[in-house]
Amino acid sequence: MNQDREPIRVALLGCGTVGTEVLRLLHDQPDEFAARTGAPMLVTGVAVRRPHKHPEVPQHLLTTDAHALVEGDVDVVVELIGGIEPARSLLLTALRSGKSVVTANKALLAEHGSELYAAADASGADIYFEAAVAGAIPLLRPLRESLAGDRINRVMGIVNGTTNFILSAMDSTGAGYAETLDEAGRLGYAEADPTADVDGFDAAAKAAILASLAFHTRVTASDVHREGISAVTPGDIAAARTLDRTVKLLAICERVVDEDGTESVSARVHPAMIPRSHPLAGVGDAFNAVFVEAEAAGQLMFYGQGAGGAPTASAVLGDLVAVARNLVVAGKGPRESAHAQLPMRPMGKTPTRYHISLDVADKPGVLSQVAAMFNDNDVSISVVRQQGRGAEASLVVVTHTAADAALKSTVDKIAQLPVVREVVSVMRVEGEPS
């Protein structure tokens with residue numbers, strides 16, 4: 001370390017669970033961070049809304065004026081307040097004045113990433129955001145840097161710990177969604193208002209970031225097809241188990257190539273059945289895991305704690321060290337790569353597979369009528385099983401891959417057949433040959 005080097009001055013916006021850990025680790029290990037970066041790191045201020053709520057923070061650091069802190073004499077702004085505003089305005093102010101940014105704000109990046117990248121490019125500042133997806137798991141940097149020389153075809157993963165805890169508990173206990181959500185709240189895995197998690201908004205923002213990096217295309221949260229887990233029933237879980245599958249909320253980003261060679265990007269978040277032999281099937285509790293398929297590297301899996309103060313702080317500090325190193329050597333981190341600008345593929349045209357459970361009449365010809373409806377809609381059947389008799393008669397169908405709109409249309413038409421009493425459940429199938 002250069003003992004004469006001026007310190008890297010850091011402004012911290014937000015001091016919740018993650019911010020507190022970032023501040024603690026910087027305070028407890030100053031020599032370690034100085035040795036890693038080549039210069040001391042000095043926190044010059046911590047912006048919070050209610051200073052009296054932070055007795056653990058040295059009072060001279062606390063301020064309620066985040067704009068003044070950002071506009072002051074700092075080199076790096078670490079943003080951990082979340083949401084769109086005032087985070088967007090604060091980070092744009094920082095970047096436009098040449099100050100580098102470290103953020104964990106997935107919603108902001110998913111909605112306004114291009115604006116932030118443009119500001120960073122114009123001033124030569126860095127923007128790092130490893131903690132925005134999958135907490136402590138080193139995932140974005142491999143996509144952004146390590147695999148920059150490869151062609152990524154698919155990214156599929158569990159990127160929300162709350163929903164993974166709920167679905168894992170439903171699978172292991174047989175309990176219903178509402179009961180398991182209450183348990184997740186009691187254990188601290190679910191927020192008081194769990195909407196962002198259980199309705200898939202959190203995962204959709206992360207999927208937008210993953211797709212943007214993987215396919216060099218600007219993808220926003222609004223481009224991501226989104227379904228949550230509130231409609232998943234114990235019956236769905238049991239049906240998956242009979243086929244040696246389990247149910248996970250998956251973020252799936254893939255490069256789709258048509259027969260004529262035209263490429264597009266599909267990004268979606270929804271519950272899906274996956275084989276228990278798939279690496280993602282064993283990811284339990286609130287852990288995250290992401291499965292990446294690349295042409296040269298093959299299949300890669302990234303696994304670890306996707307949330308929490310210390311794990312997320314680890315990712316934030318990794319970014320802070322990278323930014324500080326760049327400042328010391330007058331270098332720059334990676335810039336936005338959106339050169340491909342592939343079109344987004346609508347969900348209706350995205351190839352998927354369905355698992356369909358039908359409550360049917362126990363009479364001859366039921367199977368042939370249902371099969372004919374699939375045939376009429378050019379959807380082929382992979383697995384079909386009829387079970388029970390009388391009032392308990394049911395039919396389970398798993399399709400081969402087809403356009404999602406064709407599968408949905410087929411299900412709608414099957415529901416109108418006189419021999420079908422009810423479409424009990426419909427769920428997509430992922431992670432196995434079609």
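This is a predicted model: local features need pLDDT of at least 70, side-chain atom pairs count only at pLDDT 80 or more; totals for chains, interfaces and linings use all residues.

**Notes on the model**

1. The residues of α14 that are buried pack against β13 (351-352), β14 (354-360), α13, β16 (394-399), β17 (402-403) and β18 (420-429). The buried residues in question are Asp 404, Leu 407, Thr 410, Val 411 and Ile 414. They lie on the same side of α14, because the arc they cover around the axis is only 125°.

2. The pairing of α13 with α14 deserves a separate look. The axes of helix α13 (residues 366-376) and helix α14 (residues 404-414) cross at roughly 145° and come within 9 Å, and the crossing of α13 and α14 is right-handed. On the α13 side the residues involved are Val 370, Met 373 and Phe 374, which meet Thr 410, Lys 413 and Ile 414 in α14. Sorted by class, this contact of α13 with α14 is made up of four nonpolar residues, one polar residue and one charged residue. Of the α14 residues in this contact, Thr 410 and Ile 414 also belong to the buried set.

3. Is the residue Lys 206 buried or exposed? Lys 206 carries the UniProt feature "active site", which comes from an unreviewed entry, and in the model this lysine is found in helix α10 (residues 201-215). Lys 206 counts as buried because its relative accessibility is 7%, below the cut-off of 20%. Once its neighbours within four places in sequence are left aside, Lys 206 is in contact with Lys 106, Ala 132, Val 133 and Val 159.

4. The UniProt annotation "binding site", again from an unreviewed entry, covers Leu 13, Gly 14, Cys 15, Gly 16, Thr 17, Val 18, Gly 19 and Thr 20. Among them, Thr 17 has its place in helix α1 (residues 17-28), and Val 18 is in helix α1 as well. Thr 17 is exposed, because its relative accessible area is 60% and the cut-off for that class is over 50%. For Val 18, not counting residues up to four places away in sequence, the residues touched are Leu 80, Gly 308, Gly 309, Thr 312, Ala 313 and Val 316.

5. The peptide bond that runs from Glu 85 to Pro 86 is cis, with omega near 10°, and Pro 86 is found in the loop between β4 (76-79) and α4 (87-96).

6. Ala 134, although a residue other than glycine, has a positive phi, near 65°. Ala 134 sits in the loop between β6 (127-128) and α6 (140-146), and with a relative accessibility of 1% Ala 134 counts as buried.

7. Gln 341 is not a glycine either, yet its phi is positive, at about 45°. The place of Gln 341 is in the loop between α12 (309-329) and β13, and Gln 341 is partly exposed, with a relative accessible area of 43%.

Note on methods:
Residues are numbered from 1 along each chain as its sequence is written. Side-chain values use heavy atoms; hydrogens and water are left out. UniProt positions are given in the numbering used here, feature names are shortened, and annotations may be inferred rather than shown by experiment. Helices (H or I, at least four residues) and strands (E, at least two) are DSSP runs, numbered from the N terminus. Buried means under 20% relative accessible area, exposed over 50%, partly exposed in between (1.4 Å probe, protein chains only). Contact means heavy atoms within 4.5 Å. Axes are lines fitted to C-alpha atoms, for helices over the stretch in contact, and angles run from 0 to 180 degrees between N-to-C directions. A crossing is left-handed if the near helix is turned anticlockwise from the far one by less than a right angle, and right-handed if clockwise. Ala, Val, Leu, Ile, Met, Phe, Trp, Tyr, Cys and Pro count as nonpolar, Asp, Glu, Lys and Arg as charged, and the others, Gly among them, as polar. The arc is that of the directions from the helix axis to the C-beta atoms.
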